[in-house]
Protein chains: 2
Amino acid sequence: MAELVKEGDTYTHAFSFSQEDVVKFAEVTGDKNPVHLDADFAAKTPFKQRIMHGFLGGSIFSKVFGTLFPGEGTIYMRQEMKFMRPMYPDAKYEAVFTVTSVNAEKHRANVTTEVKEVESGKVTITGEATVLNTNRL
Amino acid sequence: MAELVKEGDTYTHAFSFSQEDVVKFAEVTGDKNPVHLDADFAAKTPFKQRIMHGFLGGSIFSKVFGTLFPGEGTIYMRQEMKFMRPMYPDAKYEAVFTVTSVNAEKHRANVTTEVKEVESGKVTITGEATVLNTNRL
């Protein structure tokens with residue numbers, strides 16, 4: 001990672017998932033919790049409507065690391081996530097990354113990972129990741 | 001959670017994902033890192049073959065919490081994951097859960113979450129989760 005990112009680097013990526021994405025995510029992972037799929041069930045929960053799987057929201061970190069920042073050759077070592085607020089289909093979000101430290105010898109970097117609602121700026125996921133640059137192994 | 005699980009409870013769930021699942025996961029999340037999709041690319045990495053997305057492997061925690069243990073009404077507050085070894089399509093895994101503490105007042109539980117290779121017993125993901133029982137809110 002040392003070669004691709006440095007301490008203090010930041011990256012922001014806007015995204016949104018549809019209810020169709022939520023259904024596909026439920027099918028592939030097997031997580032058919034009705035709070036994600038069944039509008040009548042969800043209406044009776046504290047959320048009042050269907051919410052996205054936390055893991056679908058958090059998968060944006062995996063997408064960005066693996067394909068954009070730093071991209072190809074990046075492998076996950078660790079991801080911590082705190083789910084601070086529900087996330088909803090079709091709402092606009094941004095994922096914000098900040099490199100907090102780099103271990104040049106081990107080709108690893110620690111990165112804070114956050115998701116925010118674009119409109120309100122409210123944070124929906126906080127966390128930290130450690131990623132490895134396999135291009136240099 | 002206090003009402004559904006208690007300290008010391010354990011749960012084990014066997015699972016496997018196919019390369020077709022990996023492709024679907026890449027499509028819905030947008031994580032098209034070629035180490036998961038392109039056999040020729042993967043052959044040149046330290047893994048020598050295509051590996052599963054860490055987030056797909058870890059999604060078993062979300063599935064189990066949301067549908068099996070404790071199931072319906074469970075919501076994620078937190079998930080930490082350390083990716084200890086690569087995971088491969090069609091290999092047999094088991095997810096192992098142990099309830100480490102319960103906060104009856106807040107309806108929350110802390111649970112260690114682990115994935116192991118069934119054959120070797122080697123651990124591929126370690127971590128801990130905090131889950132909330134919304135049925136009692």
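**Where the chains meet**

Modeller: Let's start with the parts list: chain A has four helices and five strands, where helices (H or I, at least four residues) and strands (E, at least two) are DSSP runs, numbered from the N terminus. Keep in mind that this is a predicted model: local features need pLDDT of at least 70, side-chain atom pairs count only at pLDDT 80 or more, and totals for chains, interfaces and linings use all residues. Residues are numbered from 1 along each chain as its sequence is written, while chains are lettered from A and ligands numbered from 1 in the order in which they are written.

Reading from the N terminus, the elements of chain A go β-α-α-α-α-β-β-β-β, and its C-alpha trace spans about 55 × 30 × 20 Å along the principal axes.

The contact draws 31 residues from chain A and 31 residues from chain B. On the side of chain A that touches chain B, α1 (19-29), α4 and β2 each supply at least two residues, and β2(A) gives the most, with eight. By class, that side has 10 nonpolar, 12 polar and nine charged residues (Ala, Val, Leu, Ile, Met, Phe, Trp, Tyr, Cys and Pro count as nonpolar, Asp, Glu, Lys and Arg as charged, and the others, Gly among them, as polar).

So what does β2(A) do there? β2(A) and β2(B) run antiparallel, joined by five bridges, and Glu80(A) has Glu80(B) as its bridge partner. Strands pair if DSSP finds at least two bridges between them. The open sheet has 10 strands, paired antiparallel, in the order β1(A)-β3(A)-β4(A)-β5(A)-β2(A)-β2(B)-β5(B)-β4(B)-β3(B)-β1(B). β1 (10-15) of chain A and β1 (10-15) of chain B stand at the edges with a single partner strand each, so one side of each has no neighbour in the sheet.

Then there's the helix pair. α4 (residues 54-67) of chain A packs against α4 (residues 54-67) of chain B at about 160 degrees, axes 11 Å apart; axes are lines fitted to C-alpha atoms, for helices over the stretch in contact, and angles run from 0 to 180 degrees between N-to-C directions. That makes α4(A) roughly antiparallel to α4(B) (over 145 degrees; under 35 is roughly parallel, 65 to 115 roughly perpendicular, the rest oblique). Gly54(A), Phe55(A), Ser59(A) and Ser62(A) meet Gly54(B), Phe55(B), Ser59(B) and Ser62(B) in this contact, which comprises two nonpolar, six polar and no charged residues.

Finally, α4(B) lies across β2 of chain A as well as β1, β2, β3 (93-103), β4 (108-117) and β5 (123-133) of chain B, at about 150 degrees to β2(B).

Technical notes
Two residues are in contact if their C-beta atoms, placed from the backbone, lie within 7 Å.
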